[in-house]
Amino acid sequence: MHVRKAVSADAQELSSLLNEIILAGGTTALETPLSAAEFADWFIDGEFPLVCHVAEYDRMLVGFQSLSSYGDPPRGYADIATFARLTPKFPGVGRALFPATRAAAEELGLEFINATIRADNVSGLAYYAKMGFEPYDRLVQVPLLDGTPVDRIKRRFKVSVSPHT
């Protein structure tokens, strides 16, 4: 698996990857599919994205991870988003992407990377725990578009901490 920075030309394939996850439901707070142009604006080259990396396998984009400043996070924080292709599945996409994202966070001078994960997203909660994200807050009963309340778990990763300490 090869990791590189995302470019605008990746937006069509990545929006398809993301839209499959959105339409499957149950893991992402995003509930409305994005066009390629919306995807590029949200994750690659708009006002809020700080960096976006893609994982490639055999010339197919199998996942992406981004850092953004959307929603005016506290100083020294950026929000992370991680998505891996549902079909076909490629194990280890998130693990492959995180070192590049972490290095970018260090270069940007960030103190923390924030992950806000739906409480019903068991795999997402497990992934961020494995990457060293610590829980620090919870948003209670945030309604989905259909009105269903779902808690959001907030975890953060201290950027200056080495994974080997």
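How many residues does helix α3 have, and how far does it reach from its first C-alpha to its last? Select residues 93-107: the helix has 15 residues and reaches 22 Å, close to the 21 Å expected at 1.5 Å a residue. The expected span is 1.5 Å times one less than the number of residues. Helices (H or I, at least four residues) and strands (E, at least two) are DSSP runs, numbered from the N terminus.

Before going on, note that this is a predicted model, in which local features need pLDDT of at least 70 and side-chain atom pairs count only at pLDDT 80 or more, while totals for chains, interfaces and linings use all residues. Residues are numbered from 1 along each chain as its sequence is written, and side-chain values use heavy atoms, with hydrogens and water left out.

**Stop 1: around α3**

Show the side chains of α3 and colour Val-93, Gly-94, Leu-97, Phe-98, Thr-101, Arg-102, Ala-104 and Ala-105; these are its buried residues. Buried means under 20% relative accessible area, exposed over 50%, and partly exposed in between (1.4 Å probe, protein chains only). An α-helix has 3.6 residues a turn, so residues three or four places apart point the same way. Just after the helix, click on Gly-109, which takes a positive phi of about 75 degrees.

**Stop 2: the sheet**

Now select the strands. Seven of them form an open sheet in the order β1-β2-β3-β4-β5-β7-β6, with mixed pairing. Two strands pair if DSSP finds at least two bridges between them. The edge strands, each pairing on one side only, are β1 (2-5) and β6 (134-143). On average, neighbouring strands of the sheet are turned by 25 degrees against each other, direction ignored.

α3 lies across β1, β2, β3, β4, β5 and β7, and runs at about 35 degrees to β3. Helix α2 (residues 36-45) lies across β2 (49-57), β3 (60-68) and β4, and runs at about 105 degrees to β2. For these angles, axes are lines fitted to C-alpha atoms, for helices over the stretch in contact (heavy atoms within 4.5 Å); the angles run from 0 to 180 degrees between N-to-C directions.

**Stop 3: strand by strand**

Start with β2 and β3, which form a hairpin with two residues between them. In the turn, Asp-58 has a positive phi of about 50 degrees. The two strands pair in the antiparallel sense over eight bridges, and Val-54 has Phe-64 of β3 as its bridge partner. Eight of the nine residues of β3 are buried, so this strand is largely enclosed by the rest of the structure.

Move on to β4. Its pairing with β3 is antiparallel, over six bridges, and Leu-67 has Ile-80 of β4 as its bridge partner. β4 and β5 pair in the parallel sense over three bridges; select Tyr-77 to find its partner Phe-112 in β5. β5 is mostly covered, with six of its seven residues buried.

At the other end, β6 and β7 run antiparallel and are joined by seven bridges. Glu-134 stands opposite Arg-156 in β7.

**Stop 4: the cores**

Which residues touch the most other members of the largest nonpolar core? Select Leu-67, Ile-80, Phe-98, Ile-113, Tyr-128 and Phe-133, out of 19 residues in that core. A nonpolar core is a set of buried Ala, Val, Leu, Ile, Met, Phe, Trp, Tyr and Cys residues joined through side-chain atoms within 4.5 Å. The elements giving two or more residues to this core are β4 (77-84), α3, β5 (112-118), α4 (122-130) and β7 (149-158). A second, separate core has 18 residues, including Ala-40, Phe-43, Ile-44 and Cys-52.

Centre the view on Leu-67. Leaving aside neighbours within four places in sequence, its contacts include Phe-48, Ala-78, Ile-80, Thr-101, Ala-105 and Ile-113.

**Stop 5: aromatic rings**

Rings of Phe, Tyr and Trp (its six-membered ring) pair if their centres lie within 6.5 Å; planes under 30 degrees apart count as stacked, over 60 as edge-to-face and the rest as tilted. By this rule the count comes to 15 aromatic pairs. Select Tyr-57 and Phe-90: the ring centres are 5.3 Å apart and the planes at 50 degrees, so the pair is tilted. Tyr-57 lies in strand β2 and Phe-90 in the loop between β4 and α3, so the pair ties together parts that are 33 residues apart in sequence.

Finish with Phe-39, Trp-42, Phe-43, Phe-64 and Phe-83, which form one aromatic cluster.
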